[in-house]
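Subject: Structure for your files

Hello,

Please read them with the model open.

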Amino acid sequence: MVAFTGWPVEAVQFYRGLEADNSKAYWTAHRAEYDALVLAPMQALLEDLADEFGEGHIFRPYRDIRFSADKSPYKTAIGATVGGSGYVHFSGSGLGVGGGCHVMAPDQLARFRAAVDDDRTGDALVAAVTAVEAEGVGVSSNERLKRVPRGFDPEHPRAELLRGKDLTAWIEWPIEPWLQTPAAETRVVEALRAAKPLTDWLDAHVGPSTAERSR
């Protein structure tokens, strides 16, 4: 495996070109650039991260357009999971790193709400969120209810957390010269470590879904 040395400026140019011309013709003409300048650095980065954070998985570059009004065939970013709950995202706009549960299955959401409701585990989550934010990494829910879910006290001391249907830590940076160097890996490692209080809590009290997936 080639050592990670950052994403070169040509990787940014590749994605900006794809944003302007999201077509099979552009993709075919520039596929070698994607493989060498975008995909290979991500593979090298995941190899470096594996010992500390777990194996990574890179998402396919093709969009699922079956049920989308937007028929653009290609993603304008490369994303990868890191271990069970980490995530790395690179595009023509910059680099993002996070961790947590981006989407919770019904059984996960039930366990999450029960743990938030419990004073011991709920207070531990508040402390974890505080610790992550103290490192400069934001914590938020992308999907939220307007009210506390049915069955919970509307005046619950952790009502804001109960309203969330997911919970993630996230930090991102715009395109800067350090992205073209090994310093990008340092940023990723620091962000994943900063998110660890939250991901540890989620691993302990939510965990993976055990529900049988529908076919």
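Buried means under 20% relative accessible area, exposed over 50%, and partly exposed in between (1.4 Å probe, protein chains only). Helices (H or I, at least four residues) and strands (E, at least two) are DSSP runs, numbered from the N terminus. In α3 the buried residues are D107, Q108, L109, F112, R113, A115 and V116. The helix covers residues 106–117, and its 12 residues reach 16 Å from first C-alpha to last, close to the 16 Å expected. The expected span of a helix is 1.5 Å times one less than its number of residues.

On sources: this is a predicted model, in which local features need pLDDT of at least 70 and side-chain atom pairs count only at pLDDT 80 or more, while totals for chains, interfaces and linings use all residues. Residues are numbered from 1 along each chain as its sequence is written, and side-chain values use heavy atoms, with hydrogens and water left out.

Overall, the protein has seven helices and six strands, in the order α-α-β-β-β-β-α-α-β-α-β-α-α from the N terminus on. Its C-alpha atoms fill a box of roughly 55 × 40 × 30 Å along the principal axes. Of the 215 residues, 44% are buried. A contact here means heavy atoms within 4.5 Å. Among contacts between residues at least 6 apart in sequence, 70% join residues at least 24 apart.

Helix α1 (residues 9–20) also has 12 residues, which should span 16 Å at 1.5 Å a residue; the end C-alpha atoms are 17 Å apart, which agrees. The buried residues of α1 are A11, V12, F14, Y15, G17 and L18, and they pack against α2, β2 and β3.

In soluble globular proteins, nonpolar side chains tend to be buried together. The largest nonpolar core in this model has 59 residues, and those with the most contacts inside it are M42, L49, I78, L95, F112 and L125. Helix α2 (residues 24–53) gives the largest share of this core, 11 residues. A nonpolar core is a set of buried Ala, Val, Leu, Ile, Met, Phe, Trp, Tyr and Cys residues joined through side-chain atoms within 4.5 Å. Neighbours within four places in sequence aside, L125 is in contact with F112, V116, L161, L167, L198 and W201.

- S85 sits in the loop between β2 (77–82) and β3 (86–91). S85 counts as buried because its relative accessible area is 19%. Not counting residues up to four places away in sequence, S85 touches G98, G99, G100, T199 and D203.
- E143 is in the loop between β5 (138–140) and α5. With a relative accessible area of 45%, E143 is partly exposed. Leaving aside neighbours within four places in sequence, E143 is in contact with R163, G164, K165 and D166. E143 and G84 are 59 residues apart in sequence and 21 Å apart in space, C-alpha to C-alpha.
- E176 lies in the loop between β6 and α6 (183–194). At 28% relative accessibility, E176 is partly exposed. From E176 to S93 is 83 residues in sequence and 9.8 Å in space, C-alpha to C-alpha.

Regards
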